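The following report looks at selected elements of one protein model, beginning with a single residue and its surroundings.

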Amino acid sequence: MNLLKIALLQVAPSGSLNGNLEKGIQSCRLAKEKGADIALFPEMWSNGYNIHDRPAEEWTAEAISADSDFVVRFGNLAGELEMAIGITLLERYGEGVRNTLILFDRFGEKKLTYAKVHTCDFSVERTLTPGEEFYVTELDTACGIVKAGAMICYDREFPESARILMLQGAELILVPNACPMEINRLSQLRARAYENMAAVATCNYPETVPDCNGNSTVFDGVAYLPEEEGSRDTCILKADGKEGIYVAGLDLKQLRDYRRNEVHGNAYRRPRKYGILTETKVSAPFIREDRRQ
């Protein structure tokens with residue numbers, strides 16, 4: 001069985017950009033020693049998502065560019081280790097800052113740059129510039145090509161995020177995270193995997209980081225197998241709260257066979273019936289008054 005090994009780097013930040021660089025490099029090396037084909041960081045690793053209870057002008061000054069030495073070092077490391085790396089950062093972008101994931105393939109080639117679309121505008125993230133689109137790339141790994149996309153933390157709470165990625169062919173959705181992963185948020189991830197027949201890998205900070213609790217997960221999206229009666233648990237990895245590097249093996253052949261034969265995802269959709277989803281002037285009675293447009 002040829003498994004795609006995904007390492008979730010559930011590690012705590014060091015408190016500085018250089019410290020996070022060095023700890024991040026060490027974590028990637030350890031992931032490679034564990035046989036990983038892909039290593040994924042938690043949300044905004046460059047500054048450890050340290051944006052709460054601080055003036056915006058202070059933490060936005062910590063933003064770095066997508067071609068900074070910090071990012072380049074992880075690209076070089078991906079090529080050195082022959083392991084794909086999803087590095088996250090507070091990105092300097094034009095006149096603003098973004099919450100960004102950059103994904104390198106095993107040759108160190110930058111394959112995807114994704115900025116969080118659903119920024120948490122009800123809190124400190126209102127300062128961030130939201131991303132514009134969801135993207136899928138063909139990611140070259142030691143296990144072969146996998147079609148990968150990304151969403152970040154709060155993106156998971158909108159079914160449309162994963163749906164758009166599925167419609168672009170995503171087999172694997174990478175989800176950097178920085179919040180408590182409790183039963184309802186974990187259920188969202190399980191649902192995103194189930195309804196889109198896609199694997200969803202989420203990397204959170206450990207419980208030593210404020211407002212985080214570990215519980216990084218991988219759901220493989222395969223709910224039924226011909227040889228098994230009833231449904232199966234799609235969760236193939238669930239970390240505890242402790243700091244560590246957690247590796248899951250994703251059976252890509254099994255996933256692809258499942259997608260060819262099952263009824264979810266794009267198999268029986270009726271998009272002509274969904275027009276209301278893209279109408280911006282619909283009056284929804286339960287929407288917050290301060291969000292009406």
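## A buried glutamate, a helix and a hairpin

Glutamate 91 touches Ala63, Ile64, Ala66, Gly96, Val97, Arg98 and Thr100, leaving aside residues up to four places away in sequence, where contact means heavy atoms within 4.5 Å. Glutamate 91 is placed in strand E3 and is buried, with a relative accessible area of 4%; buried means under 20% relative accessible area, exposed over 50%, and partly exposed in between, with a 1.4 Å probe and protein chains only.

The model is predicted, so local features need pLDDT of at least 70 and side-chain atom pairs count only at pLDDT 80 or more, while totals for chains, interfaces and linings use all residues. Residues are numbered from 1 along each chain as its sequence is written, and side-chain values use heavy atoms, with hydrogens and water left out.

Helices (H or I, at least four residues) and strands (E, at least two) are DSSP runs numbered from the N terminus. Helix H1 reaches 24 Å from its first C-alpha to its last, close to the 24 Å expected at 1.5 Å a residue, the expected span being 1.5 Å times one less than the number of residues. The buried residues of H1 are Asn20, Leu21, Gly24, Ile25, Ser27, Cys28 and Ala31. Seen down the axis of H1, they fall within an arc of 165°, so they line one face of the helix, the arc being that of the directions from the helix axis to the C-beta atoms. The face turned away from the buried side of H1 carries the exposed residues Asn18 and Glu33.

| Element | Residues |
|---|---|
| Helix H1 | residues 17–33, 17 residues |
| Strand E6 | residues 136–141 |
| Strand E7 | residues 144–150 |

E6 and E7 form a hairpin with two residues between them.

How values were computed:
Two strands pair if DSSP finds at least two bridges between them.
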